[in-house]
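I'm opening my notebook on a new structure. I'll look things up one at a time and jot down what turns up.

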Amino acid sequence: MLNLVLFGPPGAGKGTQSQKLSTGDLLRSEISQGTELGLEAKKLMDQGILVPDEVVIGMISHKLDSNKDAKGFIFDGFPRTVAQAEALDSLLETKNAPISGMIALEVNDAELEHRLLLRGKDSGRPDDANPEVIRKRIKEYNDKTAPVAEFYKNQNKFKGINGVGTEEDVFKAICAIVDSY
Ligand code: AP5
Ligand code: MG
């Protein structure tokens, strides 16, 4: 089984590069279905704030259980806190299928803001529409998510790549790492 964490700040290109298990997409699906979980999550997401660890860990656990035959998972936007990374290791331990590696897309803040504002013109995502919320998301990333890279560095599982360039260039760099596993 190959389990990858695709990592990077808001707008780095995680979603573009992967057909994946995205916690952002799972949460937006809860919102569109109007579930109670979705309503609670929306309040935080619209402000660019992370939703509570228990909520996302529960969603991931459920997804892993309902895809028992999968050959592996690419996690996009998860884990986003050290607590989530620890919970993921425990979940995968019960399945004897640890994380193979983390691939981090490295993109500077100015480029992130530029990409997200551009997408915000027609994406309909409230958290893309407002420069203040975009900056809040980047701050949440720096405060709570960046330490997750250290967690995987300590396990010798971290690989950083340049996320600036054409989508194809970035994809090639990802494939080279995946091939090495
Ligand atoms: P989520 O949906 O995961 O959003 P995000 O990580 O903040 O950022 P994006 O998905 O916008 O960025 P991306 O890296 O996927 O880039 P993309 O490919 O889209 O999360 C949303 C919210 O949900 C969070 O703020 C939080 O509230 C909550 N949440 C989610 N997971 C959570 C968790 N685990 N714990 C707690 N809360 C959680 O690309 C961005 C743009 O750039 C696109 O327009 C794209 O076309 C463009 N682009 C991509 N690649 C390139 C390139 N190479 N060159 C130029 N443009 C490019
Ligand atoms: Mg995404």
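Before anything else, I need a word for how covered a residue is: buried means under 20% relative accessible area, exposed means over 50%, and partly exposed is in between (1.4 Å probe, protein chains only).

Ground rules next. I'm working with a predicted model, where local features need pLDDT of at least 70, side-chain atom pairs count only at pLDDT 80 or more, and totals for chains, interfaces and linings use all residues. Residues are numbered from 1 along each chain as its sequence is written, chains are lettered from A and ligands numbered from 1 in the order in which they are written, and side-chain values use heavy atoms, with hydrogens and water left out.

**Entry 1: the whole chain**

I looked up the helices and strands, which are DSSP runs numbered from the N terminus (helices are H or I, at least four residues; strands are E, at least two). The protein chain has 9 helices and 5 strands. Going along the sequence, I read β-α-β-α-α-α-β-α-β-α-α-α-β-α. The radius of gyration (over C-alpha atoms) is 16 Å, close to the 16 Å from the globule rule (2.2 Å times the number of residues to the power 0.38) for 181 residues, so the chain is as compact as a globular protein of that length. Along its principal axes, the C-alpha trace spans about 40 × 40 × 25 Å.

How much of the chain is buried? Buried residues make up 41% of the 181 residues. I also checked contacts, meaning heavy atoms within 4.5 Å. Of the contacts with a separation of 6 or more, 75% are between residues 24 or more positions apart. The chain exposes about 9700 Å² (Shrake-Rupley method, 1.4 Å probe; for residues, only the protein chains shown count as cover). Carbon and sulfur atoms supply 51% of that area.

**Entry 2: D76 and S22**

I found D76 in strand β3 (residues 72-76). D76 is buried, with a relative accessible area of 6%. Not counting residues up to four places away in sequence, D76 touches L6, K14, G15, S18, K20, L21, S22 and T23.

A polar atom of the S22 side chain lies 3.3 Å from the backbone nitrogen of G24.

**Entry 3: rings**

How many aromatic pairs are there in the whole structure? My search finds 4 of them. The rule is that rings of Phe, Tyr and Trp (its six-membered ring) pair if their centres lie within 6.5 Å; planes under 30 degrees apart count as stacked, over 60 as edge-to-face and the rest as tilted.

One is the tilted pair of F7 and Y141, at 5.8 Å centre to centre with 45° between the planes. F7 lies in strand β1 (residues 2-7) and Y141 in helix α7 (residues 131-145), so the pair ties together parts that are 134 residues apart in sequence. Both F7 and Y141 are buried.

F151 and Y152 make an edge-to-face pair, 5.2 Å centre to centre with 75° between the planes. F151 counts as buried at 16% relative accessibility, and Y152 is buried at 0%. I also noted that F73, F75 and F78 form one aromatic cluster.

Then a charge turned up: the charged end of K153 sits over the ring of F158, 4.8 Å from its centre. (That takes NZ of Lys or CZ of Arg within 6 Å of the ring centre and within 35 degrees of the ring normal.)

Most residues other than glycine have a negative phi, and most peptide bonds are trans. Which residues does a cis peptide bond join? F78 and P79, with omega at about -5°. P79 is in the loop between β3 and α5 (82-93).

N96 has a positive phi of about 55° although it is not a glycine. I placed N96 in the loop between α5 and β4 (101-106), and N96 is exposed, with a relative accessible area of 72%. N156 also has a positive phi of about 55°. N156 is in the loop between α8 (147-153) and β5 (158-162) and counts as exposed at 73% relative accessibility.

Terms used:
A polar contact is a pair of N or O atoms within 3.5 Å; within protein, one must be able to donate a hydrogen and the other to accept it, and residues adjacent in sequence count only if both atoms are side-chain atoms.
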